Amino acid sequence: MSDAPPEHSQDVLDRPVRLLAIGGSTRPESTTERALAMVAEGARTAGADVEVMSGRELMLPIYDTETSHRAEGARRLVDAVRRADGLVIVSPGYHGAISGLIKNALDYFEDLAADPRPYLHGMAVGCVAVADGWQAAVTTLHQIRQVAHALRGWPTPLGVAVNSGADRLLSADTHDARQLHMVGEQVVQFARMYRLIEGA
Ligand SMILES: Cc1cc2nc3c(=O)[nH]c(=O)nc-3n(C[C@H](O)[C@H](O)[C@H](O)COP(=O)(O)O)c2cc1C
């Protein structure tokens, strides 16, 4: 018996995985954005096509339940989620929680409720929080995971809480950087496994 996967499985595995990585803050070259770039790099190394939406690209009007009119940036975000096989969310910890910028962007995922693939169904979600101390980094990471669960996504086994106070530079050879890479890899691995079981 051959160890090679069946032809169909190979075809499923060969198609590139598409990832959407969102996060950052309004501050140019923020620590959060650097963390986002590292997760994206890990995913690309694992073979994914990665689209990044960060910082000011996510400065959207407050999500309005009373209208279906959406700003262009909001439509772009929701369409990018629809195209993606996996998602990465990186938020700074503001007052111990997900920043308003990132949470508002996530609120727009409500527009996916009636899709054939509702919300983040079947999608791996890499979760990362960056704060100036462990307390806010950890509570924010926990919240991102809760949001991913609420949206029917699958948070990856590894999440990362980055303490920017302890590792301000977040340079490429740090423990944080290696973990951020691994989160990107895990999102890609899950997307491939999910394709195999769904035959998608
Ligand atoms: C409005 C605001 C609230 C913040 N609250 C906290 C906090 O509660 N705990 C903490 O450790 N850091 C807090 N910080 C610091 C950020 O988490 C920290 O600068 C982190 O590196 C993310 O910011 P950056 O991506 O812009 O670098 C806060 C920053 C701002 C602007």
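Helices (H or I, at least four residues) and strands (E, at least two residues) are taken as DSSP runs and numbered from the N terminus. The structure is a predicted model, in which local features need pLDDT of at least 70 and side-chain atom pairs count only at pLDDT 80 or more, whereas totals for chains, interfaces and linings use all residues. Residues are numbered from 1 along each chain as its sequence is written, and side-chain values use heavy atoms, with hydrogens and water left out.

Pro-92 is placed in strand E3 and, at 5% relative accessibility, counts as buried (buried means under 20% relative accessible area, exposed over 50%, and partly exposed in between, with a 1.4 Å probe and protein chains only). Not counting residues up to four places away in sequence, Pro-92 touches Gly-24, Ser-25, Thr-32, Ala-97, Ile-98, Ser-99, Ile-102, Val-130 and Thr-140, where contact means heavy atoms within 4.5 Å. Between Pro-92 and Arg-18 there are 74 residues of separation in sequence and 24 Å in space, C-alpha to C-alpha. Ile-102, one of the residues touched by Pro-92, also belongs to the buried residues of helix H4, which are Leu-101, Ile-102, Asn-104, Ala-105 and Leu-106. These buried residues of H4 pack against strand E1 (18-23), H3, E3, E4 and H5.

Around the ligand there are 16 residues, of which Arg-27, Thr-31, Thr-32, Gly-93 and Ser-164 come nearest; a residue is near a molecule or strand if one of its heavy atoms lies within 4 Å of it. Oxygen atoms of the ligand lie 2.9 Å from an N or O atom in the side chain of Ser-25, 2.8 Å from one in the side chain of Arg-27 and 2.3 Å from one in the side chain of Thr-32. A polar contact is a pair of N or O atoms within 3.5 Å; within protein, one must be able to donate a hydrogen and the other to accept it, and residues adjacent in sequence count only if both atoms are side-chain atoms. Taken alone, the ligand exposes 620 Å², and the protein buries 70% of that area (accessible areas come from the Shrake-Rupley method with a 1.4 Å probe, and for residues only the protein chains shown count as cover). Helix H2 (31-45), strand E3 (86-94) and strand E5 (124-131) are the elements that give two or more residues to the shell around the ligand, and E3 gives the most, with three residues. By residue class, the shell comprises five nonpolar, nine polar and two charged residues, with Ala, Val, Leu, Ile, Met, Phe, Trp, Tyr, Cys and Pro counted as nonpolar, Asp, Glu, Lys and Arg as charged, and the others, Gly among them, as polar.

A search of the whole structure finds three aromatic pairs; rings of Phe, Tyr and Trp (its six-membered ring) pair if their centres lie within 6.5 Å, and planes under 30 degrees apart count as stacked, over 60 as edge-to-face and the rest as tilted. Tyr-63 and Tyr-108 form an edge-to-face pair, at 5.0 Å centre to centre and with 85 degrees between the planes. Because Tyr-63 lies in the loop between strand E2 (49-54) and helix H3 (72-83) and Tyr-108 in the loop between helix H4 (100-107) and E5, this pair ties together parts that are 45 residues apart in sequence. Both partners are buried, Tyr-63 with a relative accessible area of 15% and Tyr-108 with one of 2%. The ring centres of Trp-154 and Phe-190 are 5.4 Å apart and their planes stand at 40 degrees, so this pair is tilted. It links distant parts of the chain, with Trp-154 in strand E6 and Phe-190 in helix H6, 36 residues apart. Trp-154 counts as partly exposed at 47% relative accessibility, whereas Phe-190 is buried at 16%. Ring pairs link Trp-154, Phe-190 and Tyr-194 into a cluster.

Helix H6 (residues 175-198) also holds Gln-186, which counts as buried at 18% relative accessibility. A polar atom of the Gln-186 side chain lies 3.0 Å from the backbone nitrogen of Leu-158, and, leaving aside neighbours within four places in sequence, Gln-186 is in contact with Thr-156, Pro-157 and Leu-158.

Most residues other than glycine have a negative phi. His-95, in the loop between E3 and strand E4 (97-98), has a positive phi near 50 degrees and is exposed, with a relative accessible area of 88%. Arg-152, in the loop between helix H5 (134-150) and strand E6 (154-155), likewise has a positive phi, near 70 degrees, and counts as partly exposed at 45% relative accessibility.
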